[in-house]
Amino acid sequence: MLEQIKRQKNNNRGFYVKMKLFHHHHKHGRTQEKINSCCFFRFYKWLLWLSLTLYFFSSYLITNNKNTPSDNSNINIINNKLSSLSTTQVLSSSKSTIVASRALIELTDSDSHKPHNYNNNSEVLRDLKIYVYDLPPNYNADWLSNERCSNHLFASEVAIHRALLTSDVRTYDPYEADFFFVPVYVSCNFSTVNGFPAIGHARSLIYSAINAISSEYSFWNRSGGSDHVFVASHDFGSCFHTMENVAIADGVPSFLKSSIILQTFGVKNNHPCQDVENVVIPPFVSPESVRRTLEKAPANGRRDIFAFFRGKMEINPKNVSGRYYSKKVRTAIWRKFGNDPRFYLQRQRFAGYQSEIVRSVFCLCPLGWAPWSPRLVESVVLGCVPVVIADNIRLPFPEAVRWPEISLTVAEKDVGKLGRILEHVAATNISTIQKNLMDPTVRRALLFNTPIEQGDATWQVLSALVTKLDRSHRRSVASSQ
């Protein structure tokens, strides 16, 4: 029933197999019938073997292509793919222009955006111990008489303190502590002239607190403060000044040089204001205000504002503020796009401006006095794509928040091209970025809650401190025994 395999040469192209099924003829005897039956069985046996081989081989390839923590080669592949998102090409009528931005290519690898592994952190945090100093009220509680102290953009110093007081990592025995938290509120001294936080007293207040704890306890002197944690949640962090030139000139106070600073300021290049062990944290945005805004948001989720910014934009760069503020980036945005119908730009304050963010597709986050801005957090938690315009900024908690997948970065020198950049993104992969923004683990990582919630901003701070346990005096003593 099977004709014998024939090999034919055809212009050196190899061979082909020809099989032909014949009807049973009387001229074939019993022997031939038995041979044909045997060949038929061997053919199907061979076919079955080939099918199973292909099945198991393809299964092996699929299984081993998955990205696992132990597979460094595959992690490198993913990292390379994310690195390729650093620029996008925007075509102009004259030539191609490379515009600095991120997350401008549709991600097709489902493993490229994985939520933070909170379960692993839970195991590690279970053994972490932090002692919170009980300082006199003039260092913290007295400042709370002004309600703004616990709600303004610098209020992470209050939020972290409150969260630690009710946290499982808190210990009342300083001898079993890995770290010591010093709760000093330096950002609640609001100016009577303009209402902004005045931090001219910050250095003296912190120095006074250090004298208080070092005279009463032995732990500061024991480590030189290396296992002590402070919060510096204002413009240039541990330099304690709003003007960068003065902050750079003064630098980090010598009495804090050995400590750990949780600060909103962070840049990728060398800077005197991060010349200390530090963790970059997000500015404070009230979780309650976010919930209220989301409750009042349009039920259909419609976003009718293409590009949004509300805030200080200098139009008179001759004055001091105009010459230095935002490195004139905000002035350039106002001049270029102030009359552009695609851009909703407002210079006046509006208490309910979060309701405008939740209606916007893109939210501009240009630098102010410092690179960071509360708009970074507000945009993410309210589902608006943050457009970061602050060269070399270091963003908080990159392990938990995949910033390249949820934001755009535009170089300060390229703000004049914002219109083309945003139109390009809107026409290509805006849906993917918006989908990434909806990840609840991303939103949670940028908000401070009391009590601590698994994965929230204080949780991320504790996770960062776990990586610095080599500073723990208790553990160093235990390991040497």
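## Salt bridges

D178, R474 and R475 are joined in a network of salt bridges. A salt bridge here is a side-chain nitrogen of Lys or Arg within 4 Å of a carboxyl oxygen of Asp or Glu. Side chains of opposite charge can pair when their charged atoms come close. The model is predicted: local features need pLDDT of at least 70, side-chain atom pairs count only at pLDDT 80 or more, and totals for chains, interfaces and linings use all residues. Residues are numbered from 1 along each chain as its sequence is written, and side-chain values use heavy atoms, with hydrogens and water left out.

Across the whole structure, a search finds 16 salt bridges. One of them joins E356 and R310, whose closest N and O atoms are 2.8 Å apart. E356 lies in helix α11 (residues 354-357) and R310 in strand β8 (residues 305-310), so this pair ties together parts that are 46 residues apart in sequence. Helices (H or I, at least four residues) and strands (E, at least two) are DSSP runs, numbered from the N terminus. E356 counts as buried at 5% relative accessibility, and R310 counts as buried at 10%. Buried means under 20% relative accessible area, exposed means over 50%, and partly exposed lies in between (1.4 Å probe, protein chains only).

## Two further pairs

R342 forms a salt bridge with E423, and the closest N and O atoms are 3.4 Å apart. R342 sits in the loop between α10 (329-337) and β9 (343-346), while E423 is in helix α14 (residues 418-428), so the pair ties together parts that are 81 residues apart in sequence. R342 is partly exposed, at 28% relative accessibility. E423 is partly exposed too, with a relative accessible area of 35%.

E314 and K312 also form a salt bridge, with 3.5 Å between the closest N and O atoms. E314 is buried, with a relative accessible area of 12%, whereas K312 is partly exposed, with a relative accessible area of 35%.

The secondary structure of the protein comes to 18 helices and twelve strands. Strand β10 (residues 360-366) has seven of its seven residues buried, so this strand is largely enclosed by the rest of the structure.

β10 pairs with β8 in the parallel sense over three bridges. Two strands count as paired if DSSP finds at least two bridges between them. The bridge partner of I305 in β10 is S360. β10 also pairs in the parallel sense with strand β11 (residues 385-389), over five bridges. Here P366 has I389 as its bridge partner in β11. β10, helix α12 (residues 374-381) and β11 make a right-handed β-α-β unit. Right-handed means that, with the strands pointing away from the viewer, the path from the first strand over the helix to the second runs clockwise.

## Helix α4 and burial

Of the 481 residues of the protein, 47% count as buried. Helix α4 (residues 156-165) is mostly covered, with eight of its ten residues buried. These buried residues are S156, E157, V158, A159, I160, H161, A163 and L164. They pack against β3 (130-132), β4 (179-181), β5 (228-232), β6 (260-263) and α17 (457-466).

Contact means heavy atoms within 4.5 Å. Among the contacts in the protein with a separation of 6 or more, 68% are between residues 24 or more positions apart.

The structure holds four cavities of 30 Å³ or more. The largest cavity has about 60 Å³ of space. It is lined by 13 residues, and those closest to its centre are P283, W372, L376, L395 and P396. On a 1 Å grid over the protein atoms alone, a cavity is a set of points where a 1.4 Å probe fits but cannot get out, and a pocket is an open set with protein on both sides within 12 Å along at least five of seven lines; lining residues have an atom within 4 Å of a point. Grid points are joined across faces, edges and corners, and a volume is the space filled by probe spheres set on the points.

The largest pocket has a volume of about 1,700 Å³. Its lining has 45 residues, of which L153, F196, R349, P374 and R375 are the closest to its centre. α8 (287-296), α11 and α12 each supply at least two residues of this lining. The largest share, four residues, comes from α8.
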